[in-house]
Amino acid sequence: MKRRLSIGSAVLLLAAVVAVVVWDGPGDARGGGVPTTVRGVIGSEKLAFFRDPRVVERFAAHGLSVEVDTAGSRQIATSVDLGGYAFAFPSSSPAAQKIQRDRGTTAGYTPFQSPLAVASFEPVVRLLEAAGAVRRGAGDYRVLDVAAVLELAGTRWDQLPGNTAYPVRKNILVTTTNPAESNSAAMYLAAAAFVANGDAAVTAPEQEARVLPLVAGLFRDQGYTQNSTEGPFEDYLAAGMGKAPLALVYESQYLDRVLRGDGSIRPDMRLLYLAPTVYSKHTLVPLDDRGDEVGRVLSTDAELGRLAAAFGFRTTDPAHFAGVVGDKAPVDLVDVVEPPSFEVLERLLDAVGAPS
């Protein structure tokens, strides 16, 4: 009797263990499994995307629960302890390449990207058109010429001929973030250095020395700069052209507000594309198999691609962006340059940030 009871108890116990394993195992959440938690560190401009309930639901359909912390791309590549993360997702390819080299891997995914742009206002745009700094691009959009910005360095707005729309006594500068902390300012430095180097990538120390006097003032003459691209963009939206007549942004930030239709983009606001511009290539570097799965899903799931486009990002499938944005932005940008290597960009950033 005791023997039969023991065998029966063992069978029940084994069944219970199997049930627990089946319930707690990772897998497709639609099949009843609990999603696998995956932690990553990302650039702050992607936080709204990862927190969107539709994105969370889509990851869960793949059996994933993605948790993220934020940091600057330069910080992710140099000072963030990546030991507790399954993936790193900076906003620039140089930062991603640095992480890959440090980790001894070539694995990476670039599910979406966004070009640099400048948020401005129609009266300011007309002034810069008259000064030859703004012109029409290849499509029905306007571009801000980086070479003209360098030539206007040290010129005040009230020194522009015939300026009655914005006669203020401050230098003509694009408001950026702190280049030592923020990827957008670092990419703007990359574009300016390319132009200052005779429309060629900076690759050697002697070229760095030649371009630095030409580009350093674009940042040093601003005074205080914020650490996140959200800062100057929010100033642009709230304070108007009195504080930020030209604000460096990601195209995705501006388009996100346009697509929301919440009235934050007013009729006199304009988006200018830099010429040349630099794409901020959001590159996910997997640090383990779970991170690799996140990168794969982001790169292949069509619904996540459409959701990324809804936040203004350009995805690997141009149809996602075109289908969501329509005629609100050009589908193709042709005047695009690549940033220098991580090491060259680091030296330029250090030099720009050093006391003059």
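How much space lies in the second largest pocket? About 330 Å³. A pocket here is an open set of points on a 1 Å grid over the protein atoms alone, where a 1.4 Å probe fits, with protein on both sides within 12 Å along at least five of seven lines; lining residues have an atom within 4 Å of a point. Grid points are joined across faces, edges and corners, and the volume is the space filled by probe spheres set on them.

Sixteen is the count for this lining: of its 16 residues, Lys 170, Thr 175, Gln 222, Tyr 224 and Lys 243 are the closest to the centre. The lining divides into six nonpolar, six polar and four charged residues. Nonpolar covers Ala, Val, Leu, Ile, Met, Phe, Trp, Tyr, Cys and Pro, charged covers Asp, Glu, Lys and Arg, and the others, Gly among them, are polar.

Before going on: this is a predicted model, in which local features need pLDDT of at least 70 and side-chain atom pairs count only at pLDDT 80 or more, while totals for chains, interfaces and linings use all residues. Residues are numbered from 1 along each chain as its sequence is written, and side-chain values use heavy atoms, with hydrogens and water left out.

The largest pocket holds about 480 Å³. Its lining has 17 residues, with Asp 140, Arg 270, Leu 271, Asp 327 and Lys 328 nearest the centre. Helices (H or I, at least four residues) and strands (E, at least two) are DSSP runs, numbered from the N terminus. This lining has 11 nonpolar residues, six charged and no polar ones.

Staying with α12, residues 251-260, that helix contains Asp 256. Asp 256 is buried, at 13% relative accessible area. Buried means under 20% (1.4 Å probe, protein chains only). Asp 256 touches Ala 310 and Phe 311, leaving aside residues up to four places away in sequence; contact means heavy atoms within 4.5 Å.

Next, helix α6, residues 122-130. Its buried residues include Val 124, Val 125, Leu 127 and Leu 128. The buried residues of α6 pack against β4, β5, β6, α7 and β8. After α6 comes Gly 132, with a positive phi near 80 degrees.

Last, confidence. pLDDT is the predictor's confidence in each residue, from 0 to 100. The mean is 87, and 90% of residues reach 70 or more. Over residues 1-31 the pLDDT is below 50. Where pLDDT is low, the predicted coordinates should not be read in detail.

Note on methods. Buried < 20%, exposed > 50% of the residue type's maximum accessible area, 1.4 Å probe, protein only.
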